[in-house]
Amino acid sequence: MGTTRGTNALLERKGARTLFLVLEAEERISSTGEVLQPLNEEKIRQQLAQCHQEGFESLAISFLHAYQYSQHEQTAERIAREVGFNSVSRSSAVAHSIKIVPRAETTVLDAYLNPILTDYVARIRSGLSSTSTLKLMTSQGGLVNGEHFTGKDSILSGPAGGVVAFSRIGQAAGHQQSIGFDMGGTSTDVSRFGGEFEIQTETTKAGVRIASPTLAIETVAAGGGSICHFDGVQLQVGPESAGASPGPACYGAGGPLTVTDMNVLLGRVLPDQFPFTLDVAAIEQKLAAIRADILQKTGRNYSNEELAQGFIDIANETMARAIRQVSIQKGYHPQDHLLVSFGGAGGQHACAMAQRLGMKRLLIHPYAGILSAYGMGLAEIRKRSETSVLQPVDELTSSEMEQILSGLKHSLLEAMQAEGVETTAIEEVNISFRLRYLGLDASLVVAAADLSSAVKKYHAEHQRLFSYSQPNRTVELVSIVGEAVAGRQEISKIAVPELSGVTAESTLMTEVWHAGSCLNVPVYTREALIAGAKITGPAIVCDLGSTVWIEPVFRCSVCNDGSLLIELEETTAATDQPSAEGEEIFEPDLIQLEIFNNQFASIAEQMGLTLRQTSVSTNVKERLDYSCAIFDAQAGLVVNAPHIPVHLGAMGETVKTLLVECDDILPGDVYVTNDPYAGGSHLPDVTVITPVHHAETKELLFLTASRAHHAEIGGIRPGSMPPFSKNLAEEGVLIRRFKLIDQGEVREEELADLLSSGKYPSRNVQDNLADIRAQVAANQFGANLLLEMVTTYGLPQVLAYMSFIQQAACKKMQQALRRIPDGEYSFTDHLDDGSPIAVTISIEEGQATIDFNGTGPVLSSNLNANRAIVTAACLYVFRTLIEDSIPLNSGVLEPLAIIIPESLLNPPRHDDPQQCAAMVGGNVETSQRVVDVLLGALGTAAASQGTMNNLTFGDDSFGYYETICGGAGATANAPGADAVHTHMTNTRLTDVEVIEHRYPVRVKRFEIRQDSGGNGKNPGGNGIIRTFEFLKPLQVSLLTQRRGSYPPFGLAGGSPGKIGKNNIQRANCNEPEELSGCVQLEAYPGDQLTIETPGGGGYG
């Protein structure tokens, strides 16, 4: 059986009262297994005994590096059980993977849910006979005995049954590749099967990361109950749902319009199939109100049916986007798969989904309404084990491999025996190898007979997924994965009987609105259909728990088991009507506007995923310091993935400058730049721009671009973030409009020469080139998808909606500005050196002028910004005024006039980089102050920490860079958040276990800096305290602000947050040495650097 008990307890936060034992324990093991501090057993015993007496039911234990060295966790578990804890989860048993944060989150989740599930299983078992066996479905798609069912395995227990079922059904129908489409009331689950279950090692559910193997299931907030509405500019479906109460409008309980209502109105769901009377009049009344609103605000007049079809098309595109994520993003095309549709609402949308995705066959099983339950009856007993290795393949001896494999297989056999499966009954033992190129974060799992074969398959799979491989590069064995399988249930072959083409007969006809006209459609009942019968669309098939809408151009055959095999008769790429080549479009259709919005956003997201998967640097892999975007031929930002804010507004300036300065952009060209005086942010942020041309006319159609922070680009300090640079040349290699690919010819050697040139060349040219290759691949991936859209919809329609999406954002920006009283709003803040940053915002009739006159002059330090950085800050701040969900694009800037005099925000450009003002700090530090000043002028939020707390360390062999979180400023409505990145950055800190595994440092302290946020009605968020111990001589640089006389300001009477502090404790000194905000120093073994980040200002 399966259960949603664990999922519901997590969603409702009704788990057990759980104690998290991670920081309270006095113990420390290094990344190599050295015991740095023995476990203080007596202290832990006292603490745990007291907590148990206080009523804590469950305990989660997570210590650093326990994924490999678990002795301290095992001792702590023993003590906990001795003092009375019955429910104990330790991270080394819960998740065998490096990264303490997701492993700890998973352990807490496991401990939080285990008592709930233990009681639940006990109650069920009490109702069974003593000879009964109770097995439950896990998130991995296998069955386990009830007593082995744990919290971490329960989250996808229900959906996992659906994955098992659709995969087996697809195989029985002769398809090794299938995609499951499970559309329910509030959400839709999609997943892919390609001969074996796709497993993901980390996922997020209900806001909690789960670092435990689960089936790869993508969930989107689009279901039958998703609410359909108009926000004044755009039509939207979801993510809110009507729920069971009040339910859709047609239920007659005053509920909102939903996708189900749209299907009822269009005739695709028959009211007489419901157990109660549906209120169709309520649907018509609510649709009429939306139509009137649309007519008043846009001048567009839709019929009820057109609007209903539009809402369904929008929902379909949202769900198709999820299917693309589980297929195209992983290198598989949906058209090569069978679509297996199930869930209560799936049958009404299956044909449209298949058509939209180019899928030619779909199958709907007789048990489609209860397919997850059916899948649990087909599931096998599965036990999975993973052993961490983390060693280069060429350093592993055959005896070491034998020992690892022997231990892995032994643990699998023991696990199966615990499930009551004898060794002779085990049907499969599958071994896979998790591999990656040394230095990468992302790994691939390949099944192979031995390690040598696995490495060959890894190179081939990397080539397939990312269009390149590096056979001469060292491959690291991350871990070995084993899975044992037993108890497979057979399923009969699904086929259409060889009959003489019997046509099914219908005794009922109904009217269905489709593609602009009303069709007279036959209605069939599933139980009346005989195997072999044929149905030609349009048609409706009614079942006990669902309705199937077979669209025109589809034909249906009834299989021997009652399944409906539905096939596309004609090749139609999408349900939307393409615009003929050459036909101009003058007015946006609100339905198409939202569909194109989703498709463009999906492309940008897929570009980002490709970049992350193919890059080599920690900055991209771990910190996610990159951005991807799509631009029109005029350099207007169309859409971006939700990446780094400071990149996105600035990238538009880069693309615009390229188009202005280059009049010979040709098909097949690709450009690379990092010029801060041509739209760049700072030199480590390297931008790759890929123009996309018309295949025949050679006209420039649009551009794709990606920007990534390179850990090394040269300069006077490793890591290319020097705190005391005086000009641009000292910050690294300047790349000005370098043509990396010239009409298809790659000029990588010339780029390598450039990166190796000058007084301060890059210290890691090969990594630069590897990351630039990844950016090129990401851009090309996006370009290909855009060209597919052109093929589907026609060029005029794609180009028109690139413009319409920006126009929609402009209208919403104007609406937001009109909510602010006309007038002038001014504010001034200062950098630590006293330089003022001043702004006056003049708002009048939905327009704003943002004037930075009064800002200080160009600085001799590196805290100068530029127009691109300031534009990005304005784009970010004014986008926050728009309450609706819209893409961040150039339309937001249309009502804004930005005035930047020559100043520290706009230094003059020179041909010689030695004459250019330094700018590395302006991108990361001054940008934050510009945001604070803008928000202060508008009275929107108190100052956040106002710095990114840039830390770099390294030597001639490597460079490491991170930005460190702090406190967020409070607002009138909420306190500031503790320990977060704010505003112009949202990068992620590299996990401490990864840092210590890869670099010669040790993280000694990482905690919230209590009471550092400003007081107020809503207090500011707290900063953090972070201490590093260095294990070898390294060069260290700090580039931080808010360390002087200007703390993060409060608003409306709120107090300022505390300024930050930096100090270093030398190994041979008793007292720490206070450091300034900007410092470069030599660190030696045993030295400890402490960074205390600022808090946010309070409000009120």
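User: In which strand does Val237 lie?

Analyst: This is a predicted model, in which local features need pLDDT of at least 70 and side-chain atom pairs count only at pLDDT 80 or more, while totals for chains, interfaces and linings use all residues. Residues are numbered from 1 along each chain as its sequence is written, and side-chain values use heavy atoms, with hydrogens and water left out. Helices (DSSP runs of H or I, at least four residues) and strands (runs of E, at least two) are numbered from the N terminus. On that numbering, the strand of residues 235-241 that holds Val237 is β16.

User: Is Val237 buried or exposed?

Analyst: Buried means under 20% relative accessible area, exposed over 50%, and partly exposed in between, with a 1.4 Å probe and protein chains only. Leaving aside neighbours within four places in sequence, Val237 is in contact (heavy atoms within 4.5 Å) with residues including Ile227, Val259 and Phe311. Because its relative accessibility is 12%, Val237 counts as buried.

User: Which residues of α8 are buried, and why are they placed on the same side of the helix?

Analyst: The buried residues in α8 are Ala282, Ile283, Leu287, Ile290 and Ile294. Since the arc they cover around the axis, taken from the directions from the helix axis to the C-beta atoms, is only 125 degrees, they fall on the same side of α8. They pack against β15 (226-230), β16, α7 (259-265), α9 (304-326) and α14 (590-614). On the other side of α8, the exposed residues are Gln285 and Gln296.

User: What is the phi of Gly299, the residue that follows α8?

Analyst: Helix α8 covers residues 280-298, and Gly299 comes after it. The phi of Gly299 is positive, near 80 degrees.

User: At what angle do the axes of α18 and α19 cross?

Analyst: Axes are lines fitted to C-alpha atoms, for helices over the stretch in contact, and angles run from 0 to 180 degrees between N-to-C directions. In the pair formed by α18 (residues 765-793) and α19 (residues 795-818), Leu786, Met789, Val790 and Tyr793 of α18 meet Leu795, Gln797, Val798 and Met802 of α19. Their axes come within 6 Å, and the crossing angle is roughly 120 degrees.

User: Which residues have the most contacts inside the largest nonpolar core?

Analyst: A nonpolar core is a set of buried Ala, Val, Leu, Ile, Met, Phe, Trp, Tyr and Cys residues joined through side-chain atoms within 4.5 Å. The largest such core has 137 residues, and those with the most contacts inside it are Ile566 and Phe600.

Conventions: The expected span of a helix is 1.5 Å times one less than its number of residues.
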